[in-house]
Amino acid sequence: MKWTQLPQSLQKVQRTLRRHCKEIITSFKYGDYTNGPVEGTNNKIKVIKRTAYGFRNFFSFRARILLALPNSYFAINWKNKRTAHVQSQTRAV
């Protein structure tokens, strides 16, 4: 069917599909990958931020996020850094 013979709303859909054809095909090709975990983490942080108006400083806010996300990359590295810091302090004493 010719592009101009389509109704106005379908012309817009066809134009959008044509513009994003490469991205659509790529999404089918790499369908196993998703940004769901990242979106979930962002949502959790936003919920904490909404309810965190009572935190005194950024350190408390950050600690609350790391407690809520115990298996995240940042939380694991933060725990390792804190443990290494504590171990170095006990060695010095």
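Trainee: Before we start, what is a nonpolar core?

Mentor: We're looking at a predicted model here. In it, buried residues such as Ala, Leu, Ile and Phe can be joined through side-chain atoms within 4.5 Å. A set joined like that is what we call a nonpolar core.

Trainee: Which residues is isoleucine 48 in contact with, leaving aside its neighbours within four places in sequence?

Mentor: Isoleucine 48 belongs to that largest core, and Phe61 and Ile65 are core members too. Once the sequence neighbours are set aside, the contacts of isoleucine 48 are Phe61, Arg64, Ile65 and Ala68.

Trainee: And lysine 46, is that one buried or exposed?

Mentor: Lysine 46 sits in helix α3, which covers residues 36–51. Exposed means over 50% relative accessible area. Lysine 46 has 54% relative accessibility, so the label is exposed.

Trainee: Which helix gives the most to the nonpolar patch on the surface?

Mentor: The patch is formed by Leu10, Val13, Leu17, Ile24 and Phe28. Both α1 (8–19) and α2 (21–29) supply at least two residues each. With 3 residues, the top contributor is α1.

Trainee: Last one: is phenylalanine 28 buried or exposed?

Mentor: Phenylalanine 28 is in helix α2 and is part of that surface patch. Nonpolar side chains tend to be buried together in soluble globular proteins. Still, phenylalanine 28 has 70% relative accessibility, so the answer is exposed.

Conventions:
Residues are numbered from 1 along each chain as its sequence is written. This is a predicted model: local features need pLDDT of at least 70, side-chain atom pairs count only at pLDDT 80 or more; totals for chains, interfaces and linings use all residues. Side-chain values use heavy atoms; hydrogens and water are left out. Buried means under 20% relative accessible area, exposed over 50%, partly exposed in between (1.4 Å probe, protein chains only). Contact means heavy atoms within 4.5 Å. Helices (H or I, at least four residues) and strands (E, at least two) are DSSP runs, numbered from the N terminus. Patches are made of residues with over 30% relative accessible area and no salt bridge: like charges are joined within 9 Å, nonpolar side chains (Val, Leu, Ile, Met, Phe, Trp, Tyr) within 5 Å. Accessible areas come from the Shrake-Rupley method with a 1.4 Å probe; for residues, only the protein chains shown count as cover. A salt bridge is a side-chain nitrogen of Lys or Arg within 4 Å of a carboxyl oxygen of Asp or Glu.
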